[in-house]
Amino acid sequence: MAEDRFQTIVNEIYERFKVYGVTRKEIESRLKLLLFEFKVPEEEAKRTIVNGLRKNYNIAKGDLKTPIVKISQIEPNQWVSLKGKIIQLWEPSSPTIAQTGLIGDETGTARFVVWSKSNKKRLEEGKSYLFEKVVVDEFMGIKSIKVTSVSDIKEISEEIEVKEERGEIEVVGALVAIQQNSGLLQTCKLCGRVVKAGICVEHGKVETNEVLRLRGVLDDGERTYDLTLNEKCISSLTGIGIKEARKLAEEHLDRSIVLMELKKRLFGKYLKVSGELRFRSLNASSVEFYRPEILKEVEKVLGEEGI
Ligand SMILES: [Zn+2]
């Protein structure tokens, strides 16, 4: 092993333990022994030393200072600290989760989960924080950062440039959820929020626009997207444009009939969507039903003809 690699490992461990009075010498001699005498692989040697020092100095696992890393460097089961900006907050799927969403730095983005039991102050979208002693988890290839009761979170004023996942994409997936704020809606002319009975939560009684829109979740088997379909897309899939939607609502004296109709026709269907991706949000510019059985038929016919 090269001398500088050896020193890098020593430094890495030293940075985490120096506050407890551990010396560089102590780490060096342990590392030499493990690497050169016992021929232990590097990662295992590091782990052995860290665990040994923790025991000797009586440091609980959660108390150990963790190295500050970039989001692109995180690996499953690591305890780390990192600085990141809250890009999006999502609706938690379970009461055990206080907050969940997307965090980013200049190297990438990751999901994060704050457990309810951890009792942390609420994070705000657009603000940056130093996360200390968080643990990295991986589920179905997606890394996420878990904030537990041993973690510390501090707001920081430092401006963090976030690497954006952004651009035109095409994706095939199943529409696995359709949100309630879909259908024939009235929105506030000032802020665009959905208005109920003419009242905007922000602006009170306001003038409204009428829009036909669908918000849902598209799952391509690897990840999910928050999908938005505009009137044009909805109309091209279902034949229901804003005119038809109004007619439906009038006939039934009920707007919610439009959402019911869209659910009936679109829920669970495979869609091929083109549009602009921004983090998790996919804003469709065009969409069509995806019919794998027809594609298979086509392939079969082409195969038989030897093309
Ligand atoms: Zn408003």
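Domain bounds here come from an automatic or database domain assignment. For this chain the assignment gives domain 1 (3-61), domain 2 (71-156) and domain 3 (166-185 + 212-295). Residues are numbered from 1 along each chain as its sequence is written. What you're looking at is a predicted model, where local features need pLDDT of at least 70, side-chain atom pairs count only at pLDDT 80 or more, and totals for chains, interfaces and linings use all residues.

How confident was the predictor? pLDDT is its confidence in each residue, from 0 to 100. The chain averages 87, with 92% of its residues at 70 or more. Among the elements, helix α7 (residues 292-304) has the lowest mean, 65, while α4 has the highest, 97. (Helices are DSSP runs of H or I with at least four residues, strands are runs of E with at least two, and both are numbered from the N terminus.)

Now back to the domains. The centres of domain 2 and domain 3, taken over C-alpha atoms, are 30 Å apart. Where these two meet, 6 residues of domain 2 are in contact with 4 residues of domain 3; contact means that C-beta atoms, placed from the backbone, lie within 7 Å.

Next, the inside. A nonpolar core is a set of buried Ala, Val, Leu, Ile, Met, Phe, Trp, Tyr and Cys residues joined through C-beta atoms within 7 Å. A residue is buried if 20 or more other C-beta atoms lie within 10 Å of its own, exposed if 12 or fewer, and partly exposed in between, with C-beta atoms placed from the backbone. The largest core has 24 residues, and those touching the most other members are Leu218, Leu227, Leu229, Ile234, Val273, Ala284 and Val287. Elements that each supply at least two residues of this core include α4 (231-238), β13 (270-278) and β14 (281-289). Leaving aside neighbours within four places in sequence, valine 287 has contacts that include Leu229, Cys233 and Val273. Apart from this core lies another, of 19 residues, among them Trp79, Ile86, Phe112 and Ile145.

Finally, a few backbone details. Most residues other than glycine have a negative phi. Lysine 39 sits in the loop between α2 (24-37) and α3, and it counts as exposed because it has 8 C-beta neighbours inside 10 Å. Lysine 133 also has a positive phi, near 55 degrees, but is found in strand β4 (residues 128-139). With 19 C-beta neighbours inside 10 Å, lysine 133 counts as partly exposed.

Key
pLDDT is the predictor's confidence in each residue, from 0 to 100.
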